[in-house]
Amino acid sequence: MIRWRLRKPGEKRVEYGNGSEMFTCVVHYGGDFVLSPRMKYTSKSTAHFDFVDASRFSTFSLCDMVEKLDVVVPFVVYWRVPHTELCTSSVRPLKTDNDCIVMLNSLPINRYMHIYLKPFEEEVHEEEKDHVAQEEENYEAREEDHVAEEEENYEAEEEEDAEYHDVEEEENNVAAKEETNVAAKEENSADVEEETNAAKEEDVSAAEEEDESAADEEDKSVVDEEDESAADEFDISDNEYDCGRDEAYRQEDDIGIRVQRNMDGFGPDGVHVNDKDNGLESDSDHSENLYSEHGSDSDGPRSVPVDSSD
């Protein structure tokens with residue numbers, strides 16, 4: 001039973017009917033993959049293996065096909081996902097029987113599957129380059145993520161700082177307003193206290209003035225009373241003096257009268273010797289006569305002339 005057949009140059013394309021178990025392997029060989037500017041296979045050499053039995057296909061079948069192509073260098077086999085362009089995501093490795101089963105499950109309707117042979121040494125080298133490239137991509141991605149994260153953190157910190165400054169500014173404004181209010185209250189309190197003290201001082205001064213005025217009035221009243229008392233005492237003294245003087249004058253008059261009477265011949269009993277015969281008994285009677293001769297007592301004391309010849 002034929003498992004597959006290598007198509008000769010110029011032979012017609014094989015068409016498969018619906019439900020066929022056969023397919024064609026289009027093997028690309030003699031080249032390598034390049035990635036820039038776009039991925040492509042460097043060789044145009046192809047071989048068509050028709051009537052490949054899908055139910056019996058395996059990695060050993062691939063080895064038999066490659067031997068027919070006289071490829072002696074180690075190689076790695078890849079298959080391309082049907083209906084896709086050649087790119088890194090559309091090329092899959094074909095190293096195990098499980099890879100073969102995945103490929104067979106992806107057979108297209110026309111039953112043609114493209115397979116690529118890549119030199120093994122180059123593959124190793126390419127894997128290393130891919131690994132390095134992947135590491136670089138990962139590093140760049142991490143760096144970008146780190147930079148993005150740093151920028152986000154910086155922006156978040158800036159926003160927090162702005163909010164903090166806004167809050168701090170608001171708190172400072174509130175504190176300034178409170179300080180202003182406190183200062184105003186203290187100033188008002190100081191003004192009120194000053195006014196109160198001034199009012200108290202005025203009241204004290206007014207009270208002191210009233211006390212001084214009352215004291216002055218009291219002193220003046222006392223002085224006036226003392227002056228009145230002194231004047232009264234002076235008047236009393238003056239009256240006493242006048243009375244004493246009048247009494248002295250009267251006594252002098254009495255003495256003068258007595259002297260005169262003695263000189264005129266009155267006796268100790270006050271009766272003139274000549275009057276005894278006339279019935280006068282006392283000096284008082286004679287005195288009345290004297291007063292009647294010399295004038296009344298209401299006219300004040302009178303001096304009696306004394307005869308100096310005696």
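Reply: Let us begin with the secondary structure. This is a predicted model, and the chain holds four helices and eight strands.

Me: In what order do the elements of the chain run from the N terminus on?

Reply: The order is β-β-β-β-β-α-β-β-α-β-α-α.

Me: How should I read the contacts in the chain?

Reply: One considers how far apart in sequence the partners are. Among contacts between residues at least 6 apart in sequence, 64% join residues at least 24 apart.

Me: How many salt bridges does the count come to?

Reply: The rule asks for a side-chain nitrogen of Lys or Arg within 4 Å of a carboxyl oxygen of Asp or Glu, and the count comes to five. One of them joins Arg5 and Glu11, with 3.1 Å from N to O. Arg5 is partly exposed at 33% relative accessible area, and Glu11 is likewise partly exposed at 32%.

Me: What separates the closest N and O atoms of Glu15 and Arg13?

Reply: They are 3.2 Å apart in a salt bridge. Glu15 is exposed at 59%, whereas Arg13 is partly exposed at 44%.

Me: Which parts does the pair Arg38 and Glu85 tie together?

Reply: These side chains meet in a salt bridge of 3.3 Å, N to O. Arg38 lies in the loop between strand 3 (33–34) and strand 4 (40–41), and Glu85 in the loop between strand 6 (75–80) and strand 7 (91–93), so the pair ties together parts 47 residues apart in sequence. Both residues, Arg38 and Glu85, are exposed.

Methods
Residues numbered from 1 in each chain as written. Predicted model: local features only at pLDDT ≥ 70, side-chain atom pairs only at ≥ 80, totals over all residues. Heavy atoms only, no water. Helix = DSSP H or I, 4+ residues; strand = E, 2+ residues; numbered from the N terminus. Contact = heavy atoms within 4.5 Å. Buried < 20%, exposed > 50% of the residue type's maximum accessible area, 1.4 Å probe, protein only.
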